[in-house]
Amino acid sequence: MSQASQNPLEIVIVGHVDHGKSTLVGRLFFETGSMPEGKVEAIEAMCKRRGVPFEWAFLMDALRAERDQNITIDTSHIWFKTAKRPYVIIDAPGHREFLKNMITGAASASAALLLIAADEGVQEQSRRHGYMLSLLGIRQVAVVVNKMDLVDFSEKRFQEIETEYRKFLKEIGLEPLVFVPISARGGENIVEPSKSLGWFDGPTVVQVLDSFAPPVASSETALRFPVQDVYRFDHRRIIAGRIETGTLKVGDEIVFYPTGRSSKVASIEGWGSQGVSEAIPGGSVGITLEDQLFVERGHVALKKGDRAPGLARRVTANVFWLGKRPLKIGSVLKVKLATQEHSCRVAEITGVLDASTLEVRQGVDFLERDDVATVVLETDRPLVVDLQADFVSTGRFVLVDGYDVSGGGIVVGFEEKSVQVTAEVLNPETRWGILGQKGLIVELKGTDVARNTVERLLLESGIRASASTNEHAAALRDAGVVALIRGPAELSFDLSEVGALDVVTAIRLAARISQEPAH
Ligand code: GTP
Ligand code: MG
């Protein structure tokens, strides 16, 4: 058996609350012989003592609690094996947690089971989750219609649900591989075909799992090596990170973005005492270079000649907002993409979507919790970025509001900015272009309090600004700063007549570098 076929296939199970996700996972675990000896009996006895009905979900909770002692095991991941291969099922407690895990890379499902209870049928979360899967690029989806025992194993009811849900999934571009009727609690059609479902001639749940294709080996694509940290060790500088895609060998010429500087790999340090000659996807490694380059956390390495990522300050993304506060045009947040962390501003919001009803609201300037929308983000510094369809690790990001992960998104477009490495002396215009902001000299008439307010608001909105004396203003401007002086200057505002916010808006516009692509 090859190495790759030993890696567990990661599958996420999603569906409306109480439709039976944990029960199905418990059953799968049990029926595939993964349950520790005597465990079911112990929980049954415990339920009897307490006078509560036995639940497979309790059993899974009990197993998790035991595993929690071992902090390396994530509570929502359940491992089991079929005759064909091993699996990890991610039983997502709620769609927010699931989304957070998916966009932070904590989970990386390559296939999904969408579960719908036959008695309640298609519900809000059934639709929402379907949409999230399509947004996250999970294309291998099977729909499991559970609790068939509650509808007398009715073929008609099963077909009603299939027709309704298929139609919805089609609208969002998802085509499920199959619809399967089951009873998770009764163990019907999990491993063995069910007699009660004699009219159904499709696969069991385990057969569905075994029919999912494994993820494509990502070593076939270009290298993406986001730098986690740079350590000094003896006299060497070790660049540490995780190989997200591609491979890396000693002697390879690699290029770092956003600097565009390149060098050859001198060594690859393993965690053991010896170095290794090649690193493969998923591996955390430390490397040393033949030349001294400025490299820091957030930089991304690729091989010379590899398809290059974008360097972008304007990124178009499909964003799902999970924050308690609404996300507004003009909101300033932190974007975390691979190991990069930049401040960003919401520049545009187009077509806010209710993922359950698929209703699109146009001309909306804020997102509420659970909304999905296409959003244009402007970052303070260029982001090294790929389209999510090409590279997952550098094509998805998390949005942080204060200290909370409040949303996430996948990159669907960006405006390029090519890396130029030159030895020329920089003039103010090139400097402003790199910083993404023009320097200006602005006269502000008014009280100290009003002037300080403007300065603070500018800084908070991501504009570099500073109060200045007249004689230092030109140097600040050339360095890419908005110099606020008492005057006189070409751009002038009287704060006793114009509100601070209006002044800030006007200055922001004036300091903005044109985003029109140069044709
Ligand atoms: P959340 O994690 O809270 O979203 O729920 P869940 O989707 O994990 O559902 P869970 O497995 O906890 O099941 C909810 C209830 O449905 C429990 O009381 C189960 O016993 C019951 N249930 C699950 N599967 C079946 C089934 O096939 N038939 C019947 N009749 N009940 C079921
Ligand atoms: Mg559950």
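## Close-up views of a predicted model

**View 1. Ligand 1 meets the backbone of the chain.** A backbone N or O atom of Ser22 sits 2.8 Å from an oxygen atom of ligand 1. This is a predicted model. For Gly20, a backbone N or O atom lies 3.0 Å from an oxygen atom of the ligand. For His19, the corresponding distance from a backbone N or O atom to an oxygen atom of ligand 1 is 3.4 Å. On its own, ligand 1 exposes 650 Å², and the protein buries 83% of that.

**View 2. The shell around ligand 1.** The ligand is surrounded by 16 residues. The closest are Lys21, Ser22, Thr23, Glu55 and Asp149. Helix α1 spans residues 21-31 and gives the largest share of this shell, three residues.

View 3. Asp18 lies in the loop between β1 and α1. Its phi is positive, about 70°, although Asp18 is not a glycine.

**View 4. The six-stranded sheet.** Six strands form an open sheet with mixed pairing. Their order is β2-β3-β1-β4-β5-β6. Strands β2 (77-81) and β6 are at the edges; each has a single partner strand, so one side of each has no neighbour in the sheet. On average, neighbouring strands here are turned by 25° against each other, direction ignored.

View 5. Helix α6, residues 155-171, lies across β4, β5 and β6. Helix α6 runs at about 155° to β6.

**View 6. The β2-β3 hairpin.** Strands β2 and β3 are joined by a hairpin through four residues. The two strands run antiparallel, with five bridges between β2 and β3 (residues 86-91). Lys81 has Pro86 of β3 as its bridge partner. His77 is bridged to Ile90, also in β3.

View 7. Strand β25, residues 440-445, pairs with β28 in the parallel sense over four bridges. In β28, Ser492 is the bridge partner of Glu443.

View 8. One cis peptide bond joins Tyr257 and Pro258, with omega about 10°. Pro258 is in the loop between β10 (253-257) and β11 (261-269). Another cis peptide bond joins Gly487 and Pro488, with omega about 0°. Pro488 belongs to the loop between β27 and β28.

**View 9. Confidence along the chain.** The average pLDDT of the chain is 86, and 91% of the residues score at least 70. Among the elements, strand β6 (residues 179-181) has the highest mean pLDDT, 98. Strand β12 (residues 275-276) has the lowest, 70. Over residues 70-75 the pLDDT stays under 50, and the model has five contacts beyond four places in sequence for this stretch. Residues 515-519 also have a pLDDT below 50, with three contacts in the model beyond near neighbours in sequence. Where pLDDT is low, the predicted coordinates should not be read in detail.

Definitions and conventions: Residues are numbered from 1 along each chain as its sequence is written. Chains are lettered from A and ligands numbered from 1 in the order in which they are written. This is a predicted model: local features need pLDDT of at least 70, side-chain atom pairs count only at pLDDT 80 or more; totals for chains, interfaces and linings use all residues. Side-chain values use heavy atoms; hydrogens and water are left out. pLDDT is the predictor's confidence in each residue, from 0 to 100. Contact means heavy atoms within 4.5 Å. Two strands pair if DSSP finds at least two bridges between them. A residue is near a molecule or strand if one of its heavy atoms lies within 4 Å of it. A polar contact is a pair of N or O atoms within 3.5 Å; within protein, one must be able to donate a hydrogen and the other to accept it, and residues adjacent in sequence count only if both atoms are side-chain atoms. Accessible areas come from the Shrake-Rupley method with a 1.4 Å probe; for residues, only the protein chains shown count as cover. Axes are lines fitted to C-alpha atoms, for helices over the stretch in contact, and angles run from 0 to 180 degrees between N-to-C directions.
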